[in-house]
Amino acid sequence: NPRLQVEHGVTELLTDFDLVKAQVRIARGERLPAEAPEERGCAIEVRLCAEDPASSFAPSPGRIALLDLPAGPGIRVDAGIASGGTIPSEFDSMIAKIRARGATREEARARLVRAVSDARVVVEGGMTNKGFLLDVLEHPEFRSGGVTTSWLDGTSLAAAPAPTIEALIVAAIETYQLERVKVRANFFAAAARGRPREIPPSSGAEIDLVYAGQPYRLRVFAIGGWTYRVHSEKSVAQVSLLERGPYSSLLTIGDLRSQVLVSGSDVEMRVEINGRLHRVLCDVGGKVRAPSPALLIEVAVKPGERVEVGTRLGIFEA
């Protein structure tokens, strides 16, 4: 069989034998080595894809705004795309294959967890299965071994991550900053035309968000040095959100520090905290968006009609 399977890199990690080079040599009339390559240790592979596990693994394509893949001893990464490229909706959603080798299965698994955690990927308008991969690799039953191909069907690993206050706070701060950018731009535009009528107030801002189906109203105050005070209905928190590059930040709340990746728009904020991606909607007055590229084939309501929770508004086909 001249075809190389997607998992051939695992064989190459285990044997240090280059299957592609061997195929070329055979095509040139050369012979294979007299002794078969010997396997050593254990290797595990995952496929990092632009897909939404919580929506039956539907493709979640878009432009790759950030792609920083891991490296290190025992790690091999194969990717056919780079930052600035686009994952199309018509083809395979795979971004990269990440593999790890170790002397034992547990060593390979632990290395792979670190490698996947270190991967920094932002898909504009889309998402990845990174959090799902980490949840699988760190699940006690997977760690102990012996799982079957039907094991995932009996778990809730593909569900959206549990809501966290950290994701809500980050989304509120990022939304606040986006609004401040607009206010500053308007102020400087007015100053360029002459004396501006007023200076933008520094009284904070109320941010309305929808997270895991629940509405929230937070008030955000910038108090200097990448530090903010965030008021919710039940608590007040002083947090630091330090930018560490495009899309990347370090969140500090008390003694808790978290690596954060943020992307989004005026409609939706996507917040990745320690590898798990959270989707927070900005309150836009009931605007409905398709979760993936789709065709609107029916509108089931009319302007002026009152709707309740659960009312069918229309049908998307994808």
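**Exercise 1. Find out which residues outside its own stretch of sequence Thr15 is in contact with, and whether Thr15 is buried or exposed.**

Step 1: Leave out the neighbours within four places in sequence; Thr15 is then in contact with Pro37, Glu38 and Glu39. Contact here means heavy atoms within 4.5 Å.

Step 2: Thr15 belongs to helix 1, residues 8–15. Helices (H or I, at least four residues) and strands (E, at least two) are DSSP runs, numbered from the N terminus.

Step 3: Check the cover. Thr15 has a relative accessible area of 11%, so it is buried; the cut-offs are under 20% for buried, over 50% for exposed and partly exposed in between, with a 1.4 Å probe and protein chains only.

Before going on, a word on the source: this is a predicted model, where local features need pLDDT of at least 70 and side-chain atom pairs count only at pLDDT 80 or more, while totals for chains, interfaces and linings use all residues. Residues are numbered from 1 along each chain as its sequence is written, and side-chain values use heavy atoms, with hydrogens and water left out.

**Exercise 2. Work out which members of the largest nonpolar core touch the most other members, and which elements supply it.**

Step 1: A nonpolar core is a set of buried Ala, Val, Leu, Ile, Met, Phe, Trp, Tyr and Cys residues joined through side-chain atoms within 4.5 Å.

Step 2: The largest one has 29 residues, and those touching the most other members are Val46, Ile64, Ile95, Ile98, Leu112, Val116 and Leu137.

Step 3: At least two residues of this core come from each of strand 1 (42–49), strand 4 (62–68), strand 7 (94–102), helix 3 (105–118), strand 8 (120–124) and helix 4 (130–138).

Step 4: Zoom in on Ile98. Beyond four places in sequence, its contacts include Ile44, Val46, Leu48, Val77, Leu112 and Val116.

Step 5: Another core of 27 residues lies apart from the largest one, with Ala167, Ile169, Ala237 and Val262 among its members.

**Exercise 3. Describe the aromatic pairs: how many does a search of the whole structure find?**

Step 1: The search finds two. Rings of Phe, Tyr and Trp (its six-membered ring) pair if their centres lie within 6.5 Å; planes under 30 degrees apart are stacked, over 60 edge-to-face and the rest tilted.

Step 2: Phe57 and Phe132 are edge-to-face, at 5.1 Å centre to centre with 80° between the planes. They are 75 residues apart: Phe57 sits in the loop between strand 2 (51–52) and strand 3 (58–59), Phe132 in helix 4.

Step 3: Compare the cover. Phe57 is partly exposed at 33% relative accessibility, whereas Phe132 is buried at 12%.

Step 4: For Phe142 and Trp151, the centres are 6.4 Å apart and the planes at 35°, so this pair is tilted. Phe142 is buried at 14%, and Trp151 is buried at 13%.
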